[in-house]
Amino acid sequence: MFEALPAQGVPGDQILAELRELRAADLPTHGGRLFAYVYDPALDGLDELARAAYAISAHVNGLDPTAFPSLLAMENAVVGAAAGLLGGDDGTVGSVTSGGTESLILAVKAARDSRPELLTPRLAIPATAHAAFAKAAHYLRVALDVVPVGTDLRADPAAMAAAIGPDTVLVAASAPSYAHGVVDPIAEIAAAAAERGVRFHVDACFGGWVLPYLRRLGADLPAFDFSVPGVTSISVDLHKYAYAPKGVSVLLHRDEALRLPQYFAYAGWPGYTMINPIISSTRSGGPIAAALATLRHIGDAGYLDLAARTREAVSVLADAVRETDGVRLFAPPETSVVCLASEGVDLFVLADELAARGWHTQPQMSYAEMPATIHLTVTAAVASTAADFGPDLAAAVAAARAAGPAGIPAPLLEAAAVLTPEMVTPELIAGLAEGLGLGSGDFTRMAAVNSLLDVAPPALREALLTGFLSMLQRPPTRPVPVPAPAPSGAFFGHPLHRRGSAGSPPPVAE
Ligand SMILES: Cc1ncc(COP(=O)(O)O)c(C=O)c1O
């Protein structure tokens, strides 16, 4: 029984025990075997420190920094650190946001509102740019120009330049891209944007806190920050490679004039005048305090060491892929991502087999000419597990080969072949979920589901997953057993393997 509002209050110890029990059903956030969602430096004591810092500022409200100067001081310090790391100077300003998506939405908003005369402002991105740009364009009613990338998976500077028109308010590229971990040719695109007087945003949400250190360690990576003329804004998530708890990203602008249209101000009501640099108004100081504590505790030398460990882990994993028949590297492992494709084995069955051996990877569906791939976000914690990956990958490939392609029930295939997004109803979703064996809440073997989603055209996939998520996100009509069935998986871009996967290490208590 897990009631959010019991008739009578429940003792604290009991509640914490219940929460721990719920958490036991989650993928392991520590231990170096989960290659998405979480960023683990494997540093003793860091979680405890961040938690304590969070608690100190949890009830501070970012709505008014004059009321809570502690938050203003922390934000300015964090923005200053990000600017220092990313080639900023005395003119660089920024904001702390809740995450990468919010930073990107605000970069697009600032660019859009700097050109209020345009009827249809436009945003130009390479096809590999993060989906959050599409979300920003959708929310802000900015037209999206998606430019195909080259065979090297990088933005094509000439094609990007050609996509810049008179209504383009912002050009963006990635350093690096999430899906493949490759760095776009930032200098060339920046030059093309600057020549046309257009803002250029570098999305370093994913890698902005590790790339500078990889470069210092000698990695052959181009400059991607404010040292590049024409870069007008950069986003970097502290809840990724700065290893801070979730809820903190930084959006930097080269100067204050560029940032100004990011603000929203409203005095036309009888209450307080609202001045917000970011999307939320009231917000907790907890995440910022935790991020500041994390940065100060790890320090510059600590991040260099973590980047060295990450680099070593990437190299071990990439070698394992190179040495295993049946898989190949799909992208050069030049940053902190290993992305692999399969040859002669079903990729989604392989992902299941890896999960069965305790390696939680992220299947990525096929896109345009690109095949489905498996994505590994590699963090410092993987340095201690990477050596075990190769033998398990070989065993997983052998098992996937023996198993053959995931069987999709024939009636489902027939139904899917005639489906259009408009036909997707809650009833159809419930039927599909049942037919695919998801009704029981057992998400350990997802190859069939993933295969079906992979062949669905993007609009249908979006409709199916929206319907599925909506089905899951309903208040319980009766007491929910603990642990509750939870969404997972390639449904949302995740591995769909969890509870009870043979070989999974027990979740590490946090
Ligand atoms: C390159 C890039 N940009 C933006 C985002 C969005 O970040 P968030 O999930 O924090 O909103 C991500 C997340 O993985 C990313 O990798």
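Here is a friendly conversation about how the labels for this predicted model follow from its coordinates.

Student: Let's start with single residues. Why is proline 212 counted as buried?

Tutor: Buried asks for 20 or more other C-beta atoms within 10 Å. Proline 212 has 25 C-beta neighbours inside 10 Å, so it counts as buried. This proline lies in helix α8, residues 211-216.

Student: What does proline 212 touch, not counting residues up to four places away in sequence?

Tutor: Proline 212 touches Leu85 and Leu86. There is also leucine 304, 92 residues away along the chain, with 8.9 Å between its C-alpha atom and that of proline 212.

Student: Now a whole strand. Why is β7 described as largely enclosed?

Tutor: Five of the five residues of β7, residues 249-253, are buried, so the strand is largely enclosed by the rest of the structure. In a regular strand the side chains alternate between the two faces of the sheet.

Student: What makes β1 and β6 partners of β7?

Tutor: Pairing needs at least two bridges. Five bridges join β1, residues 93-97, to β7, and these strands run antiparallel. Strand β6, residues 233-237, also pairs with β7 in the antiparallel sense over five bridges. Both pairs meet the cut-off. Serine 95 stands opposite leucine 251, and isoleucine 234 has leucine 252 as its bridge partner.

Student: Which strands are the edges of that sheet?

Tutor: The open sheet has seven strands in the order β1-β7-β6-β5-β4-β2-β3, with mixed pairing. Its edge strands are β1 and β3 (143-147), each pairing on one side only. The twist averages 20° from one strand to the next. Helix α7, residues 186-195, packs on this sheet and touches β4 (168-174) and β5 (199-203); its direction makes about 160° with that of β5.

Student: Why are β10 and β12 edge strands in the other sheet?

Tutor: That open sheet has four strands, ordered β10-β11-β13-β12, with antiparallel pairing. β10 (327-329) and β12 (362-364) each have a single partner strand, so one side of each is left without a neighbour in the sheet. Neighbouring strands here are turned by 35° against each other on average, direction ignored.

Student: How do you know that β10 pairs with β11?

Tutor: At least two bridges are needed, and β10 and β11 (residues 337-342) have three, in the antiparallel sense. Arginine 328 stands opposite alanine 341 in β11.

Student: How is the chain divided, and what makes up the contact between the domains?

Tutor: Domain 1 covers 1-40 + 305-510 and domain 2 covers 61-268, with C-alpha centres 29 Å apart. On the side of domain 1 that touches domain 2, α10 (286-322) and β11 are the elements giving two or more residues, and α10 gives the most, with four. By class, that side has nine nonpolar, five polar and two charged residues.

Student: Last one: which residues come nearest to the ligand?

Tutor: Of the 13 residues around the ligand, Gly99, Gly100, Thr101, Tyr178 and Phe206 come nearest. Helix α4, residues 100-113, gives the largest share of the shell, three residues. By class, the shell has five nonpolar, six polar and two charged residues.

Conventions:
Residues numbered from 1 in each chain as written. Predicted model: local features only at pLDDT ≥ 70, side-chain atom pairs only at ≥ 80, totals over all residues. Axes fitted to C-alpha atoms, helices over the stretch in contact; angles between N-to-C directions. Near = placed C-beta within 6 Å. Nonpolar A, V, L, I, M, F, W, Y, C, P; charged D, E, K, R; others polar. Buried ≥ 20, exposed ≤ 12 C-beta atoms within 10 Å, placed from the backbone. Domains from an automatic or database assignment. Contact = placed C-beta atoms within 7 Å.
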